[in-house]
Amino acid sequence: MVPPVQVSPLIKTARWSALLVGIIYGKKRYDYLKPIAEEERRVEEEERKVREEKERIAKQLAEASEETILK
């Protein structure tokens, strides 16, 4: 087995710097996207409520028309 190679301090510093920059970028990006996603979820919830209400009304109308046809 080959013994481990000494890694240059410059390479170590570059790796750690890239890791820290990536973490900082990810945090900033997350903070930027979080309110947008919350707004989208809120809008989807409102649309879902409206859609369910329309489906409920349509179901009631279908049942009412079915009753009048059967009479």
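Helices here are DSSP runs of H or I with at least four residues, strands are E runs of at least two, and both are numbered from the N terminus. The model you're looking at is predicted, so local features need pLDDT of at least 70 and side-chain atom pairs count only at pLDDT 80 or more, while totals for chains, interfaces and linings use all residues. Residues are numbered from 1 along each chain as its sequence is written, and side-chain values use heavy atoms, with hydrogens and water left out.

**Exercise 1. Work out the overall build of the chain.**

Step one: count the elements.

The C-alpha trace spans about 90 × 35 × 5 Å along its principal axes.

Step four: look for buried residues. Buried means under 20% relative accessible area, exposed means over 50%, and partly exposed is in between (1.4 Å probe, protein chains only). Of the 71 residues, 0% count as buried.

**Exercise 2. Find what the UniProt record says about residues 36–67, then check that stretch in the model.**

Step one: read the record. An unreviewed UniProt entry places the feature "coiled-coil region" at residues 36–67. UniProt positions use the numbering followed here, feature names are shortened, and annotations may be inferred rather than shown by experiment.

Step two: turn to the model. Over residues 36–67 the chain is 100% helix and 0% strand, with its end C-alpha atoms 47 Å apart.

**Exercise 3. Trace the salt bridges of R42.**

A salt bridge is a side-chain nitrogen of Lys or Arg within 4 Å of a carboxyl oxygen of Asp or Glu. Side chains of opposite charge can pair when their charged atoms come close. The count by this rule is six salt bridges.

Step two: go from R42 to E39. Their side chains meet in a salt bridge at 2.4 Å, N to O. Both residues lie in helix 1, three residues apart, about one turn of the helix.

Step three: go from R42 to E46. Here the closest N and O atoms are 2.5 Å apart. R42 and E46 are separated by about one helical turn because they sit four residues apart in helix 1.

Step four: join the pieces. E39, R42 and E46 are linked in a network of salt bridges.

R42 is partly exposed at 40%, E39 is partly exposed at 39%, and E46 is partly exposed at 44%.

**Exercise 4. Say how far E45 and R48 are apart, in atoms and along the helix.**

Step one: the atoms. E45 and R48 form a salt bridge whose closest N and O atoms are 2.3 Å apart.

Step two: the helix. The two are three residues apart in helix 1, so about one helical turn separates them.

E45 is partly exposed at 33%, and R48 is partly exposed at 29%.
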